[in-house]
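I opened this notebook to record what I looked up in one protein structure. The entries run from the whole chain down to single pairs of residues.

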Amino acid sequence: MSQSIQRAAEILELIAVRPRTQSEIAIALGVHRSTALRTMQTLTDSGLSRRRADGSYGLGYRLAGLATVAAEQFDMRNVAHHSLDELGRECTFTIHLAALEGDTIVYADKIEQPGMIKLYSQVGQPVLLHTAGVSKAILAFQDEATIDRVLRGHQFTKFTENTITSEAEFHAALVTTRASGWAADDAEYEDYVNCVAMPIRDASGRVIAAVSITALKAKADLETLTGWLPRLTETTEAISRDLGWRP
């Protein structure tokens, strides 16, 4: 990336947080005020930034229009699919992408490997909240009001010896997930299937989705799957960056 484009990108990220003065921009970029001014003039002339009445710079109206149009291209599945496919081919297990849509968590994508047993999950269908790693990875990072809305009326049906069967127990699992940064399904829906899952963030830093690696226990138990957490971290961070997130 050329230096001028890099500066322009950094400036847009700065003024997206809040309006900045020419001096603030120069200090943040480590450049002379005149250099910052030239870049700001170019961005302002193109409509990507605008000079406010107090002399500071904020985002331009043209950028807002471009963002509206661009949002149509940022379908979660389209953004994430390539990274999910790479992860699946590398680990040879099933990969799930789930997203929070309103008060429901649904499967947005599923990567299965040739010759593997088909799992119950289906793209477009709701996630069984109290048993799935992806639901824990998403809900662990929501506020209490959102968690309450998503769980309202949910039945904690017992499926296996490891199934979470109460809301209190589920909240405890969310605390553990929040502390570790990843969640698990330890044979909680089917006693022969387990998974590990991690969250995806959008440009605001909000957790909006999660990715899981799911395997038959005969192929990989939970301890084996945790060995894939570093690679899962790379995948979820790559997708988050594609959605505009910055650490």
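The entries below set out what I found, in the order in which I looked.

**Entry 1: the whole protein**

I note at the outset that this is a predicted model. I began with the secondary structure, and I counted ten helices and seven strands in the protein. I then looked up the extent of the C-alpha atoms, which fill a box of roughly 65 × 40 × 30 Å along the principal axes. Of the 247 residues, 46% are buried. I also checked the contacts with a separation of 6 or more, and 56% of them join residues 24 or more positions apart.

**Entry 2: the sheet**

In what order do the strands of the open sheet stand? I read the order as β4-β3-β7-β6-β5, five strands with antiparallel pairing. β4 (104-111) and β5 (183-186) each have a single partner strand, so they stand at the edges and one side of each lacks a neighbour in the sheet. From one strand to the next, the twist averages 25°.

I kept one general point beside this entry: side chains in a regular strand alternate between the two faces of the sheet.

β3 and β4 run antiparallel and are joined by seven bridges. One of the pairs I looked up is Glu-101 with its bridge partner Thr-104 in β4. The two strands form a hairpin with two residues between them, and Gly-102 there has a positive phi near 65°. I also checked how far β4 is covered, and seven of its eight residues are buried.

On to the next pair: strand β3 (residues 94-101) is antiparallel to β7, with six bridges between them. Here I found Thr-94 opposite Thr-214 of β7.

How many of the ten residues of strand β7 (residues 207-216) are buried? I found that ten of the ten are buried, and β7 is accordingly recorded as mostly covered. Strand β6 (residues 193-201) runs antiparallel to β7, and nine bridges join the two. Ile-200 stands opposite Ala-209 in β7. Five residues separate β6 from β7 in their hairpin, and in the turn I noted Gly-205, with a positive phi of about 90°.

Helix α5 (residues 76-91) lies across β3, β4 and β7, and runs at about 155° to β3.

At what angle do the axes of helix α1 (residues 3-17) and helix α2 (residues 22-29) cross? I read roughly 125°, with the axes coming within 11 Å. The two helices are therefore oblique to each other. The crossing of α1 past α2 is right-handed. I listed the residues that make the contact: Arg-7, Glu-10, Ile-11, Leu-14 and Ile-15 from α1, and Ile-25, Ala-28 and Leu-29 from α2. Sorted by type, the contact has six nonpolar residues, two charged and no polar.

Technical notes. Residues numbered from 1 in each chain as written. Predicted model: local features only at pLDDT ≥ 70, side-chain atom pairs only at ≥ 80, totals over all residues. Heavy atoms only, no water. Axes fitted to C-alpha atoms, helices over the stretch in contact; angles between N-to-C directions. Helix = DSSP H or I, 4+ residues; strand = E, 2+ residues; numbered from the N terminus. Parallel < 35°, antiparallel > 145°, perpendicular 65-115°, else oblique. Left-handed = near helix turned anticlockwise from the far one by under 90°. Contact = heavy atoms within 4.5 Å. Nonpolar A, V, L, I, M, F, W, Y, C, P; charged D, E, K, R; others polar. Buried < 20%, exposed > 50% of the residue type's maximum accessible area, 1.4 Å probe, protein only. Pairing = 2+ DSSP bridges.
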